[in-house]
Amino acid sequence: MTYTTTPDGTRIAYQLQGNGAPLVLLAGQANNHHWWDAVRADFHPARSTLTLDYRGTGDSDKPDTPHSTELFAQDVIAVLDDLGIDRADIYGTSMGGRVAQQLAARHPHRVSALVLGCTSPGGPHSIERGNDVRQALAQSQPGAARQALLELMYTPRWLADHPGPHHTLGDPLMPAHSRRRHLAASNRHNAWNLLSSISAPTLVLHGTDDLLNPTANAPLLADRIPGARLHLIPDTRHAYFEEARTHAGPLVLDFLTATSHQP
């Protein structure tokens, strides 16, 4: 395991695999780098991939101090600095997409191209999940809440053929205080006023049947970010990147290849 230490003294674990230009993969809320396990190798014919364990997850430190998507973005910068990477392509999904927004807006010289998946701008302009979804996730029986999350991630058709294990349901070893810190960071995210300043070529991806982070957020992002492209992936839910990996992965690589050839 490789670590870097942030300016506030937090150790962040990161993982670099493959060869080629770096693609930073940012996971969802309360998840570590294993979020990407099922699809990571799909990018390796063309790219190296860089992941990290957010503070509070995996092998990173777990301080009981305020977290934010801006702070997570600063942790990504610390990892890039440690590796001597000046610029990278960024692909963030769910809360990772919120972190990616902060990166592209606040550190534009570090971001070559941006892919935002199953995410939202946060704040009053975002489309919130329905009360029925909230209630399903708040069930007192952990098994019931986990099953509800699983069904928000994947379609029944896909789950019937893929019994697991599933790495998108949260880091099972996270302490309770870190889960609370992650939830607060994601809930406080509001990048609406930053989005119009993003200059990196941007692709917005979303599953058409996503109820965890409603699909209506995708056009909001695409309309707000100058020149952004929007692509909805049919019949998929929150984890479109895994269920539709043969569609989503090549789509991302084609976009990154095209932007790398732009003047």
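Okay, phenylalanine 241. Setting aside its neighbours within four places in sequence, it's in contact with Trp35, Trp36, Val39, Tyr91, Thr93, Cys118, Thr168 and Ala248. Keep in mind that this is a predicted model. Phe241 also turns up in the largest nonpolar core, which has 71 residues. Along with Leu26, Tyr91 and Leu114, Phe241 touches the most other members of that core.

Let's step back along the chain to histidine 238. That one is in the loop between β8, residues 229-233, and α9, residues 240-243. Is histidine 238 buried or exposed? Buried, because its relative accessibility is 0% and the cut-off for buried is under 20%. Its side chain makes a polar contact of 2.8 Å with the side chain of serine 94. Beyond the neighbours within four places in sequence, the contacts of histidine 238 are Ser94, Cys118, Leu152, Met153, Asp210, Leu212 and Asn213. Cys118 is on that list, and it was on the one for phenylalanine 241 too.

You'll find it in the loop between β5, which is 88-93, and α2. Serine 94 is buried as well, with a relative accessible area of 14%. What about its backbone? Its phi is positive, about 55°, although serine 94 is not a glycine. Most residues other than glycine have a negative phi, and most peptide bonds are trans.

There's another positive phi at alanine 30, near 60°. Alanine 30 sits in the loop between β3 (22-26) and β4 (48-52), and it's buried at 8% relative accessible area. As for peptide bonds, the one from glycine 164 to proline 165 is cis, with omega near 5°. Proline 165 is in the loop between α5, residues 156-161, and α6.

The largest pocket has a volume of about 1100 Å³. Of the 39 residues lining it, Gln29, Arg129, Leu137, Leu183 and Leu212 are the closest to its centre. Leu212, remember, is one of the contacts of histidine 238. Which helices supply at least two residues each to this lining? Those would be α2 (95-106), α3 (131-137), α4 (142-153) and α6 (176-188). By class, the lining of the largest pocket divides into 15 nonpolar, 16 polar and eight charged residues.

The second largest pocket holds about 250 Å³ of space. It has 16 lining residues, and the closest to its centre are Asn32, His34, Gly170, Asp171 and Pro172.

Last stop, threonine 259. It's in helix α10, residues 245-260. How far apart are the C-alpha atoms of threonine 259 and arginine 129? They're separated by 33 Å, with the two residues 130 apart along the chain. Arginine 129, you'll recall, is among the residues closest to the centre of the largest pocket. Threonine 259 counts as buried because its relative accessible area is 12%, and the line is drawn at under 20%. Its side chain reaches the backbone oxygen of leucine 256 at 2.9 Å. Leaving aside neighbours within four places in sequence, threonine 259 is in contact with Ala113 and Pro201.

Terms used. Residues are numbered from 1 along each chain as its sequence is written. This is a predicted model: local features need pLDDT of at least 70, side-chain atom pairs count only at pLDDT 80 or more; totals for chains, interfaces and linings use all residues. Side-chain values use heavy atoms; hydrogens and water are left out. A nonpolar core is a set of buried Ala, Val, Leu, Ile, Met, Phe, Trp, Tyr and Cys residues joined through side-chain atoms within 4.5 Å. Buried means under 20% relative accessible area, exposed over 50%, partly exposed in between (1.4 Å probe, protein chains only). Contact means heavy atoms within 4.5 Å. Helices (H or I, at least four residues) and strands (E, at least two) are DSSP runs, numbered from the N terminus. A polar contact is a pair of N or O atoms within 3.5 Å; within protein, one must be able to donate a hydrogen and the other to accept it, and residues adjacent in sequence count only if both atoms are side-chain atoms. On a 1 Å grid over the protein atoms alone, a cavity is a set of points where a 1.4 Å probe fits but cannot get out, and a pocket is an open set with protein on both sides within 12 Å along at least five of seven lines; lining residues have an atom within 4 Å of a point. Grid points are joined across faces, edges and corners, and a volume is the space filled by probe spheres set on the points. Ala, Val, Leu, Ile, Met, Phe, Trp, Tyr, Cys and Pro count as nonpolar, Asp, Glu, Lys and Arg as charged, and the others, Gly among them, as polar.
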